[in-house]
Amino acid sequence: MSTALLLAIGGLTAVGLYLLTGRSLSRIVLGYSLLGHATVVALITAGGPAGWPPIAGQAAPEDMSNPLPQALTLTAIVISFGLTLFLLALARRQRTLSGDDLVEDDLEDRRIAAVESGPTEPEDPAAT
Amino acid sequence: MIFGLLVLHVAVCAVLACAGRRLGRSSLLVGAVPPALSALWGTARLGDGSAATADLTWVSGLDLAMTFRVDAFAGIMTLIVSGIGVLVFVYAFGYFGPGAARTGRFATTLLAFSTSMLGLVWADSVWTLFVFWELTSVTSFLLVGHKSTDTEVLVAARRALMVTAGGGLVLLAGLLLVTGAAGTTLISELAPVDGTAATVGAVLVMIAAATKSAQVPFHPWLPGAMVAPTPVSAYLHAATMVKAGVVLVAVAGPALSGIGAWKGCGLAFGAVSVLWGALGALRHRDAKLILAWGTISQLGMLITLFSVGTPTAVLAAVSLLVAHALFKGALFLIVGEIDVRAGTRHIDELGGLARSMPVTFAAATLAGLSMAGAPPLFGFVAKETAIKAALELDGPEAWIVGLGVIGGSVLTVAYTARFLVAVFGPGPETPLSARRHALSAPPAVLAVGGLAAFAALGPLDAVLGPAAVRLSGGAQVEHLHRWPGLEPALAVSAVVLVVGAIVGLAMGGRPGQAPADHAARWTDAAIDGTVALGRATVARVQHGSLPVYLVTMAAVATLAATPFLADISLDHLVGWHTPLQGVLAATVVGAAAALCFIGTRLGAGLALGAAGITVAALFVIHGAPDLALTQLLVEAAIVVGFVLAFGHLSRSFPMAGLRWRTVRIAVAGLGGAAVVIGLGAASGNPVGAPPLAELAAASVDEGGGSNIVNVILTDIRGLDTLGEVLVLATVALGVQALARAGAGREGSAS
Amino acid sequence: MIDGSAPMIRLGIRAAGPFAVVVGCYLLFAGHNNPGGGFAAGLVFGAILALRTIAGFHQPTYGISLVAVGIFVVAAVALMPLLWGDPLFDQQVLSVEAPLLGKIKTGSALPFDLGVAAIVVGTVIAALDGLGAAQFAAGAPADADRGERE
């Protein structure tokens, strides 16, 4: 396994997680995309070493890269593409409603928590 | 036949649930039909030596099946559950007057309980047993809470549910351990097991049995459950449900009795409960509570005898099980009749009932004598055998069992005498309402049953013997004797009767105060504490901030990777396959890192595109042209979408507070490290080389194409692709719906 | 922001159309034996449609209908082999000897890829609609972007 790819996956995951935990929907989309990149590279890396394109007749089978993880990865790319589109549409909807792209606190959750614990408001470390 | 009966029970249940309101009180008589048929089937099977089995497999690989097996012991339990069930349904018809509310609902729940209990005693698969075990807890909760307007009732019902259902969870854990050690999930195939897992499992199973059978210290739910209507108390809390724990100890006994901790736990629960329950029965002043505490004591004796597991002890336990169902069921029903007709069941307010209720008094005397173990009643035979079993033992076991059985018997005689004198003895005559036959007949039947069992001991022995053989692991079992002859056990029995009678009669008429029930308060406090802990936890973790939720989840997921740290093997790691790979890897991380610092949305979109294109380049040098092509096109589409959605938001990203940003950076860094650890550890376990030649050949021959990836997608794993395009279609619908929702709102606003 | 109304860009987008269609068709037909396939082809078609929409040549309509057609085709290809007793997704290979083109080999993977491409194009159109690309459509007044630009 290639250490360079391994570190790239780690780096993509870390940056993706950092962006995902922000309050701006646009950065959440960015973080989500980066996590998707990390996942597809991880799938390919786990699938074996590099090789020739897996096309029968153009290379000897033993020189090919592993086609099965590639098929899985293709599916993963498509699905993350679809979900990213959906996130973008959600973000646009949020902008239409609030004029901005910030994730609001879930007031319903907050209300439930307040009912359970009494009148004291729990501290929210993410509030700025 | 087994499934037929169960389906009949469920079907009648459904009918009652729908038509109960219209049928009113007569739904109780309809409800008596299925138990009557089960009881008939059980009676017809009594002589049959073989076991009836039925089995409905659900997931065979996981041993998930509804498996039933009605052997000699289950046959006896069937008679107890269904036979007494019929009497209780008839009795309930009298208990609830013509105008009583919600009798249809009561009949439905009572029949549901009866069904669950039958399933429990018939179960052979431990998972079937578990399911019905929990069903009895739930139906019991509903029945205890029948008068749901009263706070005391609700507290008692909650206590019963928490203790017995909590015990169910312990049972599940115990069964998992025991069946794991034994290698089978069928009770009939359980062979003796040992080992640490089996020991822990056995102790958990014993604890579960103790919760259900109200053993000290889990007992407070049983006296509390006396707020239920009396038919429920007689049926669930004397004759059947509380026996579930005993049944569990009995059927698991042959496999687990070799484990010291199993026997030790059982003896501890049993012996303490025998004595503490009997003392409670001597101190309480509510007739129903006296019987409930007596039940705790009797159940303790059953647990003690089954835990010892010697053939004589098992035979004594099976006999006592039957005897107890007869006499305790009768006594509860009698107290219920008194409660209905006199309007009270407090012993200080009752008097002169021996004269005003002669039939009831006679039944109570028969049942009471059987409970005390006096001849010529079946209770005598059971108690005699129990004393004999205690005298056969030696070592510390003998002392514990002896103390439990003999001490318990003395106290039992005492509280029986006190009960009979206090309830029926002299005093100012209590005014009574009119007599109802449906109320006085069922207890009389049960009380006479004790006498009949003694008279017909021969046939009964032929039924109880095989059950005892089955429950003692196939050992030789002695016969029951009507008159044991002059032997030590008889002398002990005589002393027990005399001492107990003196104590009981002396206490019978004495006025006094009912003891305060501290244990119940502690149990409720423990339940309240658990609920409060749950509320506090929710208030702490459910604060409504999405970023905090995500950081928490990521941090927890990161912890999952730490065990793999040791598995990373450097042998399988190389720096890079080609230098270009290293350069591209560095570029993609650089582009990603730049995203954190770029303030504008447009710039961020372009940096995202750069990262995506670099990933595509990585695919090219890996030998995955399909992926590279798709990645490039997807990336282009995403960047366009990103710019469309956010491009004109000119304001730069908001900044979070420094402290929170530090937490996020730390968790993100740990998350990245966790992924590296996980993948690095995975690289140490390479699987075999992929079957490339076969895949290439299959691709051309069967798929009709030479691009193997495409053939996998369209043919070999075509179903995956179908799922994938369905996801896309769902996205299209969702996006479109979001757009339309926006249009509608804006349209109405303008 | 892309200014889809600039004359040069409009001309460029118009000129790119036929090329994109050719590339997309190549990917669609080559996919079974060379890199490509329905998904890539659908994205190429989708990209050119997106550009044309932003340039104002089209309204982003019929996205969902296209998705529905695609699903129908894909499901039909998947289920058809069941009719003659073969397993799900069994490949039917068709070999035709054409007079000028030589031996043409194709199979049921082609309609499957066609269906996939239709779904992808439909999704892209739906996304364009969802992300507000309709504001660029021809005939829409320049300030009729429903007050969303800030």
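Trainee: Which residue forms a salt bridge with B:Arg345?
Mentor: Side chains of opposite charge can pair when their charged atoms come close. A salt bridge here is a side-chain nitrogen of Lys or Arg within 4 Å of a carboxyl oxygen of Asp or Glu. The closest N and O atoms are 3.2 Å apart, and the partner of B:Arg345 is B:Asp339.

Trainee: At what pLDDT do side-chain atom pairs count?
Mentor: Residues are numbered from 1 along each chain as its sequence is written, chains are lettered from A and ligands numbered from 1 in the order in which they are written, and side-chain values use heavy atoms, leaving out hydrogens and water. The model is predicted: totals for chains, interfaces and linings use all residues, local features need pLDDT of at least 70, and side-chain atom pairs count only at pLDDT 80 or more.

Trainee: Is B:Asp339 buried or exposed?
Mentor: Buried means under 20% relative accessible area, exposed over 50%, and partly exposed in between, with a 1.4 Å probe and protein chains only. B:Asp339 has 18% relative accessibility, so B:Asp339 counts as buried.

Trainee: How many residues apart in sequence are the parts that B:Glu478 and B:Lys388 tie together?
Mentor: The side chains of B:Glu478 and B:Lys388 meet in a salt bridge, at 3.3 Å from N to O. B:Glu478 lies in the loop between helix 20 (457–471) and helix 21 (488–508) of chain B, while B:Lys388 is in helix 17, so the parts tied together are separated in sequence by 90 residues. Helices are DSSP runs (H or I, at least four residues), numbered from the N terminus. The separation asked for is 90 residues.

Trainee: Where is B:Glu397, which pairs with B:Lys263?
Mentor: The side chains of B:Lys263 and B:Glu397 meet in a salt bridge, 3.4 Å from N to O. The two are 134 residues apart: B:Lys263 is in helix 12 (residues 260–283) of chain B, and B:Glu397 is in helix 18 (residues 396–424) of chain B.

Trainee: Are helix 3 and helix 5 of chain B roughly parallel or roughly antiparallel?
Mentor: Their axes, lines fitted to C-alpha atoms over the stretch in contact, come within 10 Å and cross at roughly 25 degrees. Angles run from 0 to 180 degrees between N-to-C directions; under 35 degrees counts as roughly parallel, over 145 as roughly antiparallel, 65 to 115 as roughly perpendicular and the rest as oblique. That makes the two helices roughly parallel.

Trainee: Is B:Ala214 buried or exposed?
Mentor: B:Ala214 has a positive phi of about 55 degrees although it is not a glycine. It sits in the loop between helix 8 and helix 9 of chain B. Its relative accessible area is 0%, so B:Ala214 is buried.

Trainee: Which residues of chain C does B:Gln736 contact?
Mentor: B:Gln736 lies in helix 30 (residues 718–749) of chain B, and at 14% relative accessibility it counts as buried. Contact means heavy atoms within 4.5 Å. Leaving aside neighbours within four places in sequence, B:Gln736 touches C:Ile64, C:Ala126 and C:Asp129.
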